Amino acid sequence: MYDFIFKPFNEMTGADYKKVGFKSGLEIHQQLLTEKKLFCRCPAGKYTREFDAEILRHMRPTLSEMGVYDGTALMEFKTKKNIIYHIKRETVCTYEMDDTPPFLINEDALDIAIGIGMLYNCNVVDEIHIARKQYLDGSIPTGFQRTAIYALDGWIPYKDRKVKIVQMSIEEDSCREVSDIGHDRVYLTDRLGMPLIETVTEPAMKTPQEVAEVAWQCSKLVRSTQKVRRGMGAAREDVNVSVEGGTRVEIKGVPQITLIPLLTYNEAMRQWNLLRLREELKNRGITSETFKAESYDITKLLKKVHYAPLKNAADLGMKLSAVVLKGFKDLLHWQTQTDTYFSKEISDRVRVIACLTNIPNLIHSDSKSDTITSADWLKIKKFTNAADNDTMIIVWGSEDDVQTAVKEIIIRAKEATIGIPSETRQAMSDGTNGFERILPGADRMYPDTDLPPKKITKEKIQQIKSWLPEQFWKRIEWYIKLQIPKDTIEELSISPYAELFKKAVNDWKINPTTIAVFLIQYPKRLRKRGVTTEWLNESMFEEILKSYADKKIPQDALLTTFQTVAELGMFTEEVIQNPANEKEVDEMINSAKSDCYKMTIYNQNSKSILLMGMIMKKLRGKVPAKVIADKIGFSNK
Amino acid sequence: MAEINLEDYKGYRGVALNTLQKFKTPIWSDVEILTEEGSFKGLILPRSETADEFHIVLKMPIGYNIGIAAEKIKDVKIFGRKEAHYKIPEKDFPYDPKKPNVKLLGTGGTIASRLDYRTGAVIPAFSPGELYGSVPELADICNLDTEKLYGVFSENMGPEQWIGLAEAIGREIEKGVQGIVIGHGTDTMHHTAAILSFMVQDSPVPIVMVGSQRSSDRPSSDAALNLIHSVTTAAISDIAEVMVCMFGPTSDMYGLLHRGTRVRKMHSSYRSTFRTIGDIPIATVSRDKVTPIRDDYKRRRFDNDVKVNAVFDDRVAIVYYYPNMKPDMIDSLIDNGYKGIVIAGTGLGHVNKPLYPALKRAKEKGVAVYMTVQTLWGYVQMYVYDTGRDMMELGVIPAANMLPEVAYMKLGWAFGQTDDLEKVKEIMLTPIAGEITEREPSNGYLIYQGGLPEVEEFIKQYRK
């Protein structure tokens, strides 16, 4: 079954992904554009790395409702991290510090969230209940995120099908991590508490490209409201990936949609290769029952080693341990992802759980790179009684950390005989991913006893409908019928001016193409000319279009008028040039003809073009070009 | 028709109750609810009694709860029943003959309870086994025995509980424990600390009150660390006084040991809410050691002798003076048979002139009136202004730098012993446990003002 070998990314086909049973779904996090945070009145969206104060906390696992500790919770406690929060007075109050209970939910944020839910065709719940979702990594000082499901069961169109939206929740954003070195993890708190929605799709995507494309669809939907934040970090995707026989693994916090295809490809490959590794182990007779590993203290044995990391460790009085994985020879060099091997799975765990954050944090006998000498390996082999088909791993650090590391190495190696551990993994810039934490279960959800349930009233829904844009795919359908230029369709469908477009077409009866080009292309043309377009607002677009509809501005003067408005930063009646009367026109034509007559023109064919140009230069905006052309008998063929 | 057991529909009323009954779906039913807008799968939960009557609470398989409008429900399919029983795992608390024996007395509050989120009920995590299950570090410190005296919120503590608590402490000391920890809600912890300081005198061992500002069901809770600090204090410190042991800074760093008569809750929600007023705390405490920061505390002894004087007359009151207060506030206390009044006056201990006739009447009726300051820091000084002197003429007795709540507790305790106003006065003005101090040290009043460069520098440097 596992005879398929992953090809390079560019060579993988839909059929290949079908072979491995690729399946992926999205959890899209999107910050909402509000003035204030979700559960306190701090300003939202003010980022700075500066800070006025810091506080120190520890996270302690609490019992779940079923009376057990959550798996992730326990792992985080194993790591015994000092969590340090950097606090900037302007962006953080005592709520974020977990020294004040929450204030009532930000209604603006809730309105935007519900509006987006409605665009996704979801059912909005009648009463929302705020829950606490535990996070013990310290990314939220309370140790939990306040979150609530407010919409369920929606869909978004994709190709010729509908991708189901399972649920939508509104929640507070977490801290930004500054560093995580040894036992100290440092966070910035400015982002903490900002309103965020999470949209969960069903795992309906069958190739990495489909995942990205659906993400784009969702991105367009939220942007069409004009009420979400943009820019780096404002939208972050968690991507769930599995292959046939694999496990749902979550790649957390992908900051850009363009990274998704390579990341999901690598995760699928990782799972597939780990399943192949399990087959290989089985062939070697190693199963979870027969799995064997031993550990040895080799601190004294390697006293005179030259390999720098080990030498430093020895100099610092650290402890060195060797773990022997029975029958694992060469398997630490088993490929998992692009240029990434099984040893990375183990090293990641040691880094996160045993807090051995200096890389390399372990070396092993399958490594082809230079570490310790073969004589030293031999020494260890003798000391540990390792056989030829065993693999040896060396790990170093403080006594406690090494103890945790040894346990974790053995746990991860043994997991290889079982399959793919349920994990959340972090996205790397090279398209691979690394271990972040064990995937938490439903055990970590608790109702928030600090806040009452909130009823979503009919009045609220009505009020939201009043500003909600039309679904962008419906707009696109209409645009296609109107035959507006293709390159304007997509942008216009999520543009803040889409409603203006509709009004101009339906009420003012302007040619749709003219409006589309005006709304979408003209601002770009002006920017190319170096004109600042930042000050343009909807009323300016509207005034110009209305004047155009009233025939106060001729078609060929649209762009110049627009430029004048952009440069002035306002629309006034003066930007509309008075139309020239017939006498002025005739005078201008005669004067141009006489100028033209004086010139030496070799190509007689271009004479009329030149003449037309000379006249238009003077009369543009005052007379439609067609009137001039008719008068001078110019036809532009 | 069969009788309806309302427990089966806990918290539901009105439309929601009718709907649940109509579809015969008691709470904990595993269901699929069909509505006009789609179907929802999950578990029907009890509803908070304060919530409205129009919604039904459903726990979805992913763990989130939602409320569904009862009127929209068309049908309910029932798959079964899954009642949750929230239980804290118990492990035997290990016994080590070499370790000191500490007794934990519980009165209620968040240090010794967990919330059952599904029902909203408070479930005590209190037996040694349960505590060991959630704070295993305690076993490294001592042999712990526990006794749940009461299960009340701190605001519901009263004379009955204070007396019972003092007597229980007496019993434990006579039995020979090496230290006592009292789990208590934080709101009135300083009241209880004060009364215990008077009721239990010359204790040979530490008596440590502890609570938490963030409940123990939260990962960021201060409960575990407070408990570790308090048990450490009870087990190894040589401070044989009634103390409050709570966070020093808001960071997880160290606890402070405050003298029971000088401590006050000063913030409604901060972890570091307890402060020693007008003095400095006795000591700091970390996970493994107690570091005194003053020397004038009562030392641990190795006998089992203790004086317990557990009496309280609750016909005493505190009056928090405000400008324009009318004399009827005082009159009503006199008319209702109160024996003593503690006034928290303005500034050095003042009230307005319109109150004088009422104060005069109090004197005539034999009601004791003591003056404290609502500034909390500083002494009552009634000689400085004429108003003060006038009031003393009217029989108002200055209570030095006793905190208003402490004066209240002490007055109730004094009246519990005698009705002789002279004797009461002698009891009131004779310091027993630091409630009145002869001098206020220059570092006894420190409320830093944020925004000042030197304060900001300090805050940045230390994790306060």
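**Strands, helices and a contact**

Reply: Gladly! This is a predicted model, where local features need pLDDT of at least 70, side-chain atom pairs count only at pLDDT 80 or more, and totals for chains, interfaces and linings use all residues. Residues are numbered from 1 along each chain as its sequence is written, while chains are lettered from A and ligands numbered from 1 in the order in which they are written.

Me: In β10(A), which residue is the bridge partner of Tyr85(A)?

Reply: Strands here are DSSP runs of E with at least two residues, helices are runs of H or I with at least four, and both are numbered from the N terminus. Two strands pair if DSSP finds at least two bridges between them. β3 (residues 82–87) of chain A pairs with β2 (residues 53–57) in the antiparallel sense, and with β10 (residues 184–188) of chain A in the parallel sense over 5 bridges. Tyr85(A) is the partner of Ile55(A), and in β10(A) its partner is Tyr187(A).

Me: Which strands stand at the edges of the open sheet of chain B?

Reply: The sheet has 8 strands in the order β9-β6-β10-β12-β13-β14-β17-β18, with mixed pairing. Two of these strands have a single partner strand each, so one side of each is left without a neighbour in the sheet: they are β9 (143–148) and β18 (290–292) of chain B.

Me: Are α11(A) and α12(A) roughly parallel or roughly antiparallel?

Reply: Helix α11 (residues 472–482) and helix α12 (residues 486–493) of chain A pack at about 155°, with their axes 9 Å apart. Axes are lines fitted to C-alpha atoms, for helices over the stretch in contact, and angles run from 0 to 180 degrees between N-to-C directions. Angles under 35 degrees count as roughly parallel, over 145 as roughly antiparallel, 65 to 115 as roughly perpendicular and the rest as oblique. That makes the helices roughly antiparallel.

Me: Which strand gives the most to the side of chain A that touches chain B?

Reply: Residues are in contact if their C-beta atoms, placed from the backbone, lie within 7 Å. The contact takes 42 residues from chain A and 42 residues from chain B. Several strands of chain A each supply at least two residues, including β7 (144–158) and β22 (445–447). With 5 residues, the one that gives the most is β2(A).

Me: And which residue of β4(B) stands opposite Ile128(A)?

Reply: Here the pairing joins the two chains: β5(A) and β4 (residues 65–69) of chain B run antiparallel over 2 bridges. Opposite Ile128(A) stands Ile66(B).

Key:
Contact = placed C-beta atoms within 7 Å.
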